[in-house]
Amino acid sequence: MTNSKPDEIEAIAAAYVASADAGTLSESDIVARDAWLMSDARHETAHLRLVAAWQIADMLTQSKFEPRAMIPSALPPRKLSKFFIGGGAGALFAMAVILLPVNPRYSAGLGKQVAVNLPDGSSMTLNSETEISSQFDKKTRHLDLEKGEAYFRVNHDAAVPFIVKAGPYRVTAVGTAFSIRRYNEQLVVAVEQGTVRIDQGDGVHARLIHAGAVSNASARGVSITMIGSEKVKQNLAWRDGLLSFNQSSLADISAEFNRYNKKKIYVTGVLGQRRMGGVFKATEMDAFVRLLTTTDRSITVATLPDGAIRLSQKSAPPQ
Amino acid sequence: LRLPISDVKTWFVNEVLVHEPDLVRFLRRKLPSFDEVEDVRQQIYALIYNKSLTEIPDNARFYLFAIARNVLVDRIRIKNRSASHLIADYDINSVLSEEPSPHTIAEGRELIDRLEASLAALPDRCQEVVRLRKIDGLSQREVARLLEISESTVEKHVATGIRRLAEAVYGARQTIGLDE
C-alpha cells in the first residue's frame, strides 16, 4: 500500500468524478485514472463512494432549490427567421408576431411524419399517429403530447421554460434536443443533446435526464438508463421515415411497423422471439416481409380476411 | 475465481457504504483524531473490497464491523507495544464488546434535507456552480460561460461540491448526532 493521506486520496477521487461528470476526460486521462484506481483498493473504494454520492445528489432536484428557467443557454442559437436579418423595423415586426398568443393543434396521421416550426424558433417533428396541443405566448411555451411521439429541438429562451406535458408527467427542457413517446401507459424520453428534467407537475419525483440517456416513466416510477448517443440517434431514425433495429425481437419489430401502417402484421409463436437488426422504411412493410421470407424459407405468410399479414414458422410447434 | 467487477461495485455501494454513518461513529469512539478515523475507514473499505473480489460476504454489515474490529485491535497492539498488557487488553476488549448502533444512511425527505443543508453551506461560488450543474442541468461549458470562469475552475468547484455532498449522504444522522 502507498502512504498517501486519506485526504489526498479523496481529493484525487473527487477530481476524477468531476471530470468524468463534465465529460472532459481524454483517452489518456481515462487510462491514468484506471491505473490509479487499480493501484490501491483504497482509491477504488474512495472513488466509488463519491460516484455514488454524486449520483444520490440528483435528489437535489426535489429540493427547495427549484431549477431556474432564466438561465441563458450557451448552446449555439438556432438560425432565426429571415425577418431578423434586416434588423430595425423588420425585427420589431417579427417580435410582435411572436408575442401574440397562439394555440394551434398539431397532428400527424398514420405513417406520417410532420415537421413543425414553433413560434419561439424551436422545432418539432411529430411521428405517426400523434396529437399535440400548444400554448405559446411571451411567458409560456407549453405543449401537451396527447398521444404518440415527437422530437423537440428547443431554442433556448432566457426567460421562458419549454414544457411538454405528457399524461401525469411534465418534461422541462433547459436548452436541448429530445424525444418523448407515449404508449401503453408508459412514457419514454430520449435525450439527444443537453439535459431535460422530468417530474409529475409539482416537482415531485423530479429526475434529470442527460444526453445519451433514455428514461422510462410509468405508474411504477421513473427509471433512467444510459444507452449512449449513438443508440439515442438510432431511436430517432423515425424522423427520416426509417425504423432502425439492433437485435430486436420480431414481435417488437412487427409492433413498430404496425405504428406506421394500416395493414398490420402479426407474428405467431416462437418466431416472435427471433432477433434481428437492420434499417427499414417504416411504410414499406412488404419489403421487410419479402426480405424475411426469402432469407428464411421456413417462414410462411398468410393474409387474413382484414388484409393483415400473419407470419409463422412451419416447424414451430402448434400453439 | 473473480466476480464480475460491476457486481462487486454495486454490492459495495448498496450493502457496505450504507453503513458508513455507524462505522464512522464506531471509529470515532475508538480513535482520537478525525484524520485517523478517515485513514482507518479507507483501510477497512479497501480490505472488504479486496475480499469481495473473490467472494461477496453474505452479511455485509457483520463482515464490515468484523474487519473494523480487527483493524482497530491491530492498531492498539502496535501502539501499545511498550505499554502494559493490561491497558492493551482493556482497549481491545472495549472494541470487541461494543455493538454498533443499527442505522444506515438517510433516505427520502431526510436525505433531501441533508443535501439541501450541505449545498446551502457551500461557499457562494461553489454553491452556484453545483446548482447550475446539478439542478439547472447546465453543462460544464455552459456554466463556465455563464459565470465567466474557466472550465477547469468549474470542475474544481464541482469536485469540492462532490466531497461536501458526500458528507451529507454518508454523515451521521442529525437525530442521533448528540453522542458525538
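**Exercise 1. Work out how much area is buried between chain A and chain B, and which atoms and residues supply it.**

Solution. Start with the total: putting chain A and chain B together buries about 4500 Å². Keep in mind that you're looking at a predicted model. Now go down to residues. On chain A's part of the buried area, Arg49(A), Trp54(A) and Phe65(A) supply 17%, more than any other three residues. Finally, count who takes part: 45 residues come from chain A and 48 residues from chain B.

**Exercise 2. Find out how many salt bridges and polar contacts link the two chains, and check one salt bridge by its distance.**

Solution. First, the counts. There are eight salt bridges between chain A and chain B.

Now try a single case. The side chains of Glu10(A) and Arg163(B) have N and O 2.7 Å apart. The cut-off for a salt bridge is 4 Å, so a pair at this distance passes.

**Exercise 3. Classify two ring pairs in chain A from the angle between their planes.**

Solution. Over all chains, the rule finds twelve aromatic pairs. Take Phe152(A) and Phe162(A): the ring centres are 6.1 Å apart and the planes sit at 65 degrees, so this is an edge-to-face pair. Where are the two residues? Phe152(A) is in strand β5 (residues 140–153) and Phe162(A) in strand β6 (residues 162–166), so the pair ties together parts ten residues apart in sequence. What about accessibility? Phe152(A) is at 0% and counts as buried, and Phe162(A) is also at 0% and buried.

Now the second pair. Phe257(A) and Phe280(A) have ring centres 6.1 Å apart, but their planes are at 55 degrees, so this pair is tilted. Phe257(A) belongs to helix α7 (residues 250–258) of chain A and Phe280(A) to strand β16 (residues 275–281), so here the linked parts are 23 residues apart in sequence. Both Phe257(A) and Phe280(A) are buried.

**Exercise 4. Decide whether His47(A) is buried or exposed, and list its contacts beyond its neighbours within four places in sequence.**

Solution. Locate the residue first: His47(A) sits in helix α3 of chain A. Its relative accessibility is 9%, and the cut-off for buried is under 20%, so His47(A) counts as buried. Now set aside the neighbours within four places in sequence. What's left in contact with His47(A) is Ala13(A), Tyr16(A), Val17(A), Arg33(A) and Leu37(A).

**Exercise 5. Name the buried residues of helix α8 (residues 140–147) of chain B, and say what covers them.**

Solution. Pick out the buried residues: Gln140(B), Glu142(B), Val143(B), Ala144(B) and Leu147(B). Then look at the cover, which includes α1 of chain A along with α7 (124–135) and α9 (151–170) of chain B. To finish, step just past the end of α8(B): Glu148(B) takes a positive phi of about 55 degrees.

Terms used
Residues numbered from 1 in each chain as written. Chains lettered and ligands numbered in written order. Predicted model: local features only at pLDDT ≥ 70, side-chain atom pairs only at ≥ 80, totals over all residues. Heavy atoms only, no water. Contact = heavy atoms within 4.5 Å. Buried area = accessible area lost by both parts, 1.4 Å probe. Polar contact = N/O pair within 3.5 Å; in protein donor to acceptor, adjacent residues only side chain to side chain. Phe/Tyr/Trp six-rings, centres within 6.5 Å; stacked < 30°, edge-to-face > 60°. Helix = DSSP H or I, 4+ residues; strand = E, 2+ residues; numbered from the N terminus. Buried < 20%, exposed > 50% of the residue type's maximum accessible area, 1.4 Å probe, protein only.
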